[in-house]
Amino acid sequence: MRGHQQTMTTDRPLTLIAELTYRCPLRCPYCSNPLDWGSDKYRQELATEDWLRVVQEAERLGVMQIGFSGGEPLLRQDLEVMVEAAARSGLYSTLVTAGTLFTPERTARLRDAGLDHVQISIQDSRATESDAIAGTRSFEQKLAAARLVKALELPLTLNFVLHRHNLDRIEEILELCRKLEADRVELANTQYYGWALHNRAALLPTREQLERTEQAVAAARQRRDFPMGILYVIPDYYEEYPKPCLGGWGRRALAIAPHGDVLPCQVASAIPELEFANVRNHSLEWIWFESEAFNRFRGTDWISDPCQSCPRREVDFGGCRCQALLLTGDASATDPVCHLSPHHHRIVEAREKAQMEQSPSLVYRSMQGVSVGRQFHL
Amino acid sequence: MEEYTQPRFVRGVRLRWDSVRRQHMLLFPEGALGLNATAGAVLELCDGQRTMGAIITELEERYPGANLRSDVHDLLSRIAERGLLRYETIPE
């Protein structure tokens, strides 16, 4: 017997990200929701019955993990019903929340419905700074929510999105996580799509900030501060090679937008050439195996050089398709994060700009997209 | 010492049979670990009731001739290292 193995089948998804709504009380300037999240199509949210059917289809497709996300999923009053359906299907459920809408009654109801795990995002270790990024007063509510989750004995993940304005407080952030008795911590360097890409010059950290952060994370891991560990999402702009998108396009995960479009990852709607199938018209099984969008960048056949002849072809699959599109205009190009990409200079230039002292104002997430967003200077 | 140690999953960790992939899966926050048949058989016995000794005896009956003790310890300690399993001790 050789213990456990990673005997994952590659052709069925393990994770479903259920984006129940794009509505949210927060206005973070790096929100991963689409720039046009306020448009009519996203307001046609799936009905409870649609989601209940999707949960069953996901289970038959091989999904093991379901993340109820958003926007703020607690804005859906039928969340309990969906959590209960996930539990009935044996899916492991996570609530991914900003934490501001928690009440003791609702949290207990969710736990009793079978919720397995809660992830709460906090923007910074200090109230003023956290509220400034969230664009609304929310810090104290988040701490209260975290305590509530612990009091109900649910496992707690705390998630911090990292950027230039909070990286210098990484030690304080880790201290806050210890104080709140997080079982698990996610420290996610900002990924530059949508809102974050628009705010890139204000958010991109310096190399020195990242080096100090990596040391702090390594020390916290060494001390075993958190029983289930720390997930550190790398700042890919400072890496030599790109990341595979969610473990590879159409390989491990799928995301469903509030109106039912099924995407290979949450931000894939940024790729205009792709048409996404909708759960109102197709089964999840068909969408995963047969739909054009899921097959477009699956595997390695579509890849051209410098990736096609690269030994890392099966490691990073050419990197992130959305990043390739956003930075080169071509979704099938090599992710410019790779130092071998002919467009890599665009990353280098962005990095060099980040070393400059002056940081531009942040544009907050708003209904109007990026053009008339309210400006706020930190 | 095995007589007094009961391995159990911490809250938020679940073992389930995956009828699509036909294997046991260990589910935990943001993760799923596919298990081979023997690892699945070991973890199924980690119910917080059975002691280490009882688990090993039961497995030795099921897989006669195999030297399981070190493999079982190895598997469980790797899962415990990830914060997914705890050893509870019954007072002697």
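Let's start with one residue. Glu19(A) counts as buried, because 26 C-beta neighbours lie inside 10 Å. Buried here means 20 or more other C-beta atoms within 10 Å of the residue's own, exposed means 12 or fewer, partly exposed is in between, and C-beta atoms are placed from the backbone.

A word on the model. It is predicted: local features need pLDDT of at least 70, side-chain atom pairs count only at pLDDT 80 or more, and totals for chains, interfaces and linings use all residues. Residues are numbered from 1 along each chain as its sequence is written, while chains are lettered from A and ligands numbered from 1 in the order in which they are written.

Back to Glu19(A). It sits in strand S1 (residues 15-19) of chain A. Helices (H or I, at least four residues) and strands (E, at least two) are DSSP runs, numbered from the N terminus. What does Glu19(A) contact, leaving aside neighbours within four places in sequence? Ser69(A), Gly70(A), Gly71(A), Ala255(A), Ile256(A), Ala257(A), Pro258(A) and Gln266(A). Contact means C-beta atoms, placed from the backbone, within 7 Å. Take Ala255(A): it is 236 residues from Glu19(A) along the chain, yet their C-alpha atoms are separated by 7.1 Å.

Now the sheet around it. Nine strands of chain A form an open sheet, in the order S7-S6-S5-S4-S3-S2-S1-S8-S9, with mixed pairing. Two strands pair if DSSP finds at least two bridges between them. S7 and strand S9 (262-263) of chain A stand at the edges with a single partner strand each, so one side of each has no neighbour in the sheet. S1(A) and strand S2 (residues 65-69) of chain A run parallel, joined by five bridges. Thr15(A), for one, has Gln65(A) as its bridge partner in S2(A). Helix H3 (residues 79-88) of chain A packs on this sheet, touching S2 and strand S3 (92-97) of chain A. Its direction makes about 175° with that of S2(A). Axes are lines fitted to C-alpha atoms, for helices over the stretch in contact, and angles run from 0 to 180 degrees between N-to-C directions.

Buried residues make up 50% of its 378 residues. Among contacts between residues at least 6 apart in sequence, 71% join residues at least 24 apart.

Next, chain B. Three strands form an open sheet in the order S2-S3-S4 (chain B), and the pairing is antiparallel. S2 and S4 of chain B are the edge strands, each pairing on one side only. Five bridges join S3(B) to S4(B). Met25(B) has Gly34(B) as its bridge partner in S4(B). H1(B) packs on the sheet, touching S2, S3 and S4 of chain B, and its direction makes about 55° with that of S3(B).

How do the chains meet? 25 residues of chain B are in contact with 26 residues of chain A. Strands S2 (14-18), S3 (23-28) and S4 (31-35) and helices H1 (37-44) and H3 (69-81) of chain B each supply at least two residues to that side of chain B.

Is Met228(A) buried or exposed? Buried, because 23 other C-beta atoms lie within 10 Å. Leaving aside neighbours within four places in sequence, Met228(A) contacts Asp183(A) and Arg184(A), plus Pro29(B), Arg82(B) and Gly83(B).

How values were computed. Two residues are in contact if their C-beta atoms, placed from the backbone, lie within 7 Å.
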